[in-house]
Amino acid sequence: MRLKTTLQREPKHKDLVSCLGWTTADELYSCSDDHQILKWNLVNNETNLVVKLSEDIYPLDMHWFPKTVGGKKQSQAEIFVLSSTDGKFHLVSKIGRIEKSVDAHKGAVLAGRWNHDGTALVTAGEDGLIKIWSKVGMLRSTLANQGSPVYSVAWGPDSDRILYTSEMQLTIKPLQPSAKVMQWKAHDGIVLKVDWNSVNSLILSGGEDCKYKVWDSFGRLLHSSSPHDYPVTSLSWAPDGEMFAVGSFNTLRLCDKTGWSYAVEKPHTGSLFSLAWSADSTQLAGACGNGHVIFAHVVEQCWEWKNFVITLTKRRSMQVTNVMNDAVDILEFRDPVIKASLAFAHLVVATSLQCYVYSSRNWNTPLIFDLKEGTVSLILQAEKHFLLVDGAGLYIFSYEGRLLSSPKFLDMRADILNAQVLSLCDDTIAIRDNRDEKVILFFDVSSGKAVGDGNPLTHKLEVVEIALDQCGPATDRKIALIDKNRDLYLASVRHFGREPKICKTGTMVDNIAWNDSANILCGIQDNKLTVWCYPSVVFTDKELLPKTLHIRDSSDFNSVPHILNFFGTKVTLRQGDGSLVYSSVPPYTVLLHEYCSSARWEDALCLCRLVKDQSLWACLASMAMANRELTTAEMAYGAIGELPRVEYIKTIKEQPSKESALAHMLLFSGQAQEAESALLQAGLIYQAIRVNIDLFNWERALELAVKHKTHVDTVLAYREKFLQKSGKKETNKRFLHYSEGVDVDWENIRAKIDMELSKEREKAANVSVRSSGASYR
């Protein structure tokens with residue numbers, strides 16, 4: 001990926017250009033020390049004078065009022081704020097009329113920024129003051145008073161915090177007066193520019209130490225560049241949060257969001273005082289010290305899937321290369337390409353006005369449909385459909401171009417959604433709630449309505465990344481999530497009124513990805529590539545989890561990598577320096593998933609015997625237990641030396657009825673409450689009491705016996721036997737109370753138990769006879 005830059009032969013401005021801003025994808029306004037505001041039309045390459053400012057106004061910063069909030073157009077969107085050296089900021093209309101001028105600071109107003117919904121304006125001055133204003137220019141508060149000039153300021157993603165510079169330090173100050181202020185030393189020279197992205201919540205800073213740095217919202221350093229030749233005078237996030245640009249003297253750099261550099265251009269511009277991205281994140285403009293305005297657009301983006309490599313060669317053209325036979329296809333588009341995604345044998349391309357859907361079997365005849373909103377910020381794909389995110393909302397389309405649904409929820413902000421907080425599979429959409437980051441919402445793909453009973457999944461900590469598995473039935477859908485402590489959890493999506501079970505699966509996990517053809521999860525765990533060959537083992541036998549892992553050593557990576565995708569047996573990773581690394585997982589795991597999902601247990605056993613791998617046997621054991629295939633599970637557990645589990649499986653197989661066997665399988669998985677409920681529902685009161693006795697859950701066992709008026713003496717007898725073995729005396733008041741009126745007779749108890757078990761066998765036999773008779777008829 002690189003920037004293709006354009007400079008006119010002669011500068012249109014007569015003095016340095018100090019600031020600029022986009023109105024649409026093809027129209028830009030620029031302000032200069034020559035007091036002129038010019039309008040640039042990129043369609044017909046025309047430049048027109050909007051207004052000539054008075055001689056005492058030297059512009060320093062400009063920012064257009066937000067056009068849309070939550071998909072709704074703003075009524076005041078045709079104005080921008082212009083800060084200047086005379087201590088004032090000016091609200092200027094699109095035709096150049098100054099609607100209002102406000103005396104804001106003593107000395108120059110160095111920066112002015114609207115918040116994300118346009119309800120407030122922040123200004124920073126040479127006098128060290130930071131002030132908050134209403135959208136009509138009325139002073140609301142003075143947020144801070146620094147002793148030195150504040151060169152740059154930025155709003156937080158939720159417009160509830162302000163980031164500003166203070167000499168060599170950065171400060172994050174919440175708008176609430178009692179909230180804690182965060183401050184840290186950021187650079188070895190004065191910090192000149194900051195930016196804070198609302199999609200990825202990352203902070204950019206650049207200063208006179210000639211470095212740019214990337215921080216998270218807690219002030220932790222994520223990347224520090226090597227020193228440039230000159231101070232960093234400008235920087236700006238692309239609106240989608242995937243990349244940013246950095247400007248210096250005769251230097252324009254395009255960088256990935258993690259900090260590494262895609263490309264460096266060396267145009268003759270002088271210092272770049274301001275950088276601005278278009279709303280679609282495809283174009284960039286820079287305000288140059290020599291009077292020029294430099295334009296650049298992003299080209300040579302690449303997408304890979306299996307044997308296809310697709311490159312954006314021009315703004316309206318793509319090249320498709322099949323590396324198997326070197327066949328090349330050229331795809332032409334009417335409008336500039338904004339976003340593209342390649343997966344599941346389909347290429348989805350969003351231009352400014354249309355969406356193109358190509359099949360990998362035929363690159364000549366795409367399916368084309370019009371888009372409502374031009375700025376697509378994200379494309380996600382599943383096997384049967386894909387999802388588009390734009391400024392107005394979410395839309396799920398089939399690959400035939402049919403709109404399936406458009407999920408909505410209260411206070412939804414589509415403009416801040418990214419691939420970390422949004423996940424798609426064939427039947428479900430998962431979205432982290434922007435109002436409460438602990439909550440994950442689930443929607444049905446076909447209807448757009450909330451899944452199941454409508455209750456979301458609530459985690460105990462803020463969630464930073466989510467991912468839905470891609471295979472299997474909707475009833476068995478799982479979601480993997482990483483919280484802010486970097487712990488990995490697995491949970492069921494459809495829990496049908498029960499409290500959802502969330503199981504911890506790993507620690508120190510940075511990012512994750514599911515396989516496209518089997519429910520195998522990979523992630524970067526403590527700088528190592530870890531593959532969870534069967535993550536659902538945490539629901540059936542958590543102690544088996546370590547045996548199902550496949551771990552690649554950290555020596556294969558020179559810095560913290562990021563997983564791009566996990567297709568087939570290949571994992572594609574991007575390292576911290578931007579290089580691509582490919583890692584493979586054993587193909588036997590994918591094959592085992594295929595056998596087990598189609599109930600080919602004999603083939604699965606043959607595969608494990610052939611490979612002789614402990615992790616494969618462990619996966620098979622857990623898969624067999626999850627599918628209640630006890631004979632296969634018994635053999636698999638025996639192969640890995642888990643003899644106590646083999647014995648327990650034999651006990652399950654000897655149970656007199658299906659209900660008892662099911663309850664013991666639930667016990668095997670650690671689901672004691674569910675096991676008890678299953679037995680009570682089947683009318684097996686003694687078995688339910690016995691389960692609690694075996695778990696030493698004495699009070700519950702006595703409660704059930706008293707409630708159902710049976711086997712009270714059995715509970716008291718086993719309790720007495722337990723206390724005798726442990727050398728203790730009875731102190732529980734309930735047990736003392738019931739033992740006064742009940743005589744413990746072991747012969748009578750054994751007879752009663754034998755009678756209960758024989759009744760259960762008789763009942764199971766009758767059910768079996770009736771079902772076989774029905775099938776015969």
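A: **Cysteines and their setting**

At 18% relative accessibility, C471 counts as buried, because buried means under 20% relative accessible area, with exposed over 50% and partly exposed in between, using a 1.4 Å probe and protein chains only. This is a predicted model, in which local features need pLDDT of at least 70 and side-chain atom pairs count only at pLDDT 80 or more, while totals for chains, interfaces and linings use all residues. Residues are numbered from 1 along each chain as its sequence is written, and side-chain values use heavy atoms, with hydrogens and water left out.

The structure holds zero disulfides, a disulfide being a pair of cysteine sulfur atoms within 2.5 Å. C471 is in no disulfide, and its nearest cysteine sulfur, that of C425, is 9.8 Å away. C255 is likewise in no disulfide, with the sulfur of C210 as its nearest cysteine sulfur, 15 Å away; C255 counts as buried because its relative accessibility is 0%.

As for the setting, 55% of the 777 residues of the protein count as buried. The secondary structure comes to 13 helices and 57 strands, both taken as DSSP runs, with helices being H or I of at least four residues and strands E of at least two, numbered from the N terminus. Among contacts (heavy atoms within 4.5 Å) with a separation of 6 or more, residues 24 or more positions apart account for 43%. The C-alpha atoms fill a box of roughly 110 × 65 × 50 Å, taken along the principal axes.
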